[in-house]
Amino acid sequence: MSSKIHPIDWKRVDILIDLALEEDLGENGDITTNSVIPADLKAKAVLLAKQDLVIAGLPVAERLFQKIDPAITFVAKVQDGAVCKKGDILAEMYGSARALLTGERTALNFIQRLSGSATMANKYQNLAGDKAEILDTRKTTPGWRNLEKYAVSVGGAHNHRIGLFDRVMIKDNHRELAGLEGSGGILRSVERARKTFPGFEVEVEIDSLDELQEALDSGAEYILLDNMSNELMAEAVRITAGRAKLEASGNITETRIPSIAETGVDYISSGALTHSVKSADISLDIIIEK
């Protein structure tokens with residue numbers, strides 16, 4: 001599990017920005033702005049927090065505006081990951097009034113969504129304290145995984161595997177299919193994974209203490225405790241005795257996080273950090289200087 005800031009993959013993000021602008025501008029561009037606002041008019045704008053939040057995505061907003069007009073000046077007043085209060089100015093921009101209006105909604109779509117993830121990640125990690133690390137999952141918006149995992153990490157939580165390529169994770173369906181060959185499916189699956197992809201860490205998902213023992217015997221580095229009660233998880237911690245890292249998953253709610261952390265598990269993973277996020281309330285306001 002990574003506790004570092006997940007880097008922005010600009011090659012992927014540039015594609016997202018281009019697609020987002022293309023779907024908004026179509027063939028005719030911003031017909032309202034281009035008909036109402038003089039081409040040579042300059043303006044100042046600010047990105048304003050309309051609620052308490054953890055900001056994420058300011059570099060994406062800057063990139064988007066400068067794609068529309070490279071002459072736009074974008075000055076971030078805070079850094080991604082900052083805890084901001086309602087009313088805080090997040091960034092100031094100056095340049096073509098047309099460019100600022102044209103990019104407004106698309107830029108907000110990015111930073112509101114990402115700040116929603118960062119804010120939730122920060123809240124969840126604070127609930128767990130230093131007793132367990134909060135992890136995200138692969139339940140991400142298609143195409144947005146890089147940005148959503150970036151937002152989780154700047155919010156103070158942690159990244160699970162990035163995709164199917166960076167860790168062997170033997171989940172329930174793998175386990176069920178392996179079991180068709182007879183007993184010992186977990187042991188057999190881990191052994192095959194070690195032979196096929198040596199050097200990669202292995203995680204096994206289990207839902208009973210009987211399966212826990214087989215997972216421990218397999219030598220898996222990580223064991224995911226799926227939809228277990230707090231009492232069962234505490235017992236799993238006792239039995240494991242540090243021989244593997246334990247991850248709690250399934251039915252993770254804000255109210256349960258503190259008590260789950262108290263069981264002694266190492267990690268608590270939640271898809272809600274990316275799939276059930278409410279976008280943060282942020283506005284772009286044009287500043288009229290008198």
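**Helices, a sheet and a pocket**

Visitor: Hi! Which strands does helix α7 lie across?
Guide: Helix α7, residues 185–196, lies across β7 and β8 and runs at about 160 degrees to β8. Angles run from 0 to 180 degrees between N-to-C directions, with axes fitted to C-alpha atoms, for helices over the stretch in contact; contact means heavy atoms within 4.5 Å. Helices (H or I, at least four residues) and strands (E, at least two) are DSSP runs numbered from the N terminus.

Visitor: And what kind of model is this?
Guide: It is a predicted model, where local features need pLDDT of at least 70 and side-chain atom pairs count only at pLDDT 80 or more, while totals for chains, interfaces and linings use all residues. Residues are numbered from 1 along each chain as its sequence is written, and side-chain values use heavy atoms, leaving out hydrogens and water.

Visitor: Back to helices: what does α9 lie across?
Guide: Helix α9 (residues 230–240) lies across β9 and β10, at about 170 degrees to β10.

Visitor: In what order do the strands of the open sheet come?
Guide: Its six strands go β6-β11-β10-β9-β8-β7, with parallel pairing; two strands pair if DSSP finds at least two bridges between them. β6 (133–135) and β7 (168–170) are the edge strands with a single partner each, so one side of each has no neighbour in the sheet. On average, neighbouring strands are turned by 25 degrees against each other, direction ignored.

Visitor: How many bridges join β8 to β9?
Guide: Four, and the two strands run parallel. I206 stands opposite L225 in β9.

Visitor: Switching topic: why is α5 described as largely enclosed?
Guide: Nine of the 10 residues of α5 (145–154) are buried, so the rest of the structure largely encloses this helix. Buried means under 20% relative accessible area (1.4 Å probe, protein chains only).

Visitor: What covers those buried residues?
Guide: The cover includes α1 (10–25), β2 (53–54), α3 (58–68), α4 (97–128) and α11 (272–275). After α5 comes G156, with a positive phi near 105 degrees.

Visitor: Nice. Which residues lie nearest the centre of the largest pocket?
Guide: T137, K139, K171, S249 and S269, out of 21 lining residues. A pocket is an open set of points on a 1 Å grid over the protein atoms alone, where a 1.4 Å probe fits, with protein on both sides within 12 Å along at least five of seven lines; lining residues have an atom within 4 Å of a point.

Visitor: Which elements give two or more residues to that lining?
Guide: β9 (222–226), β10 (245–249) and α11.

Terms used:
Buried means under 20% relative accessible area, exposed over 50%, partly exposed in between (1.4 Å probe, protein chains only).
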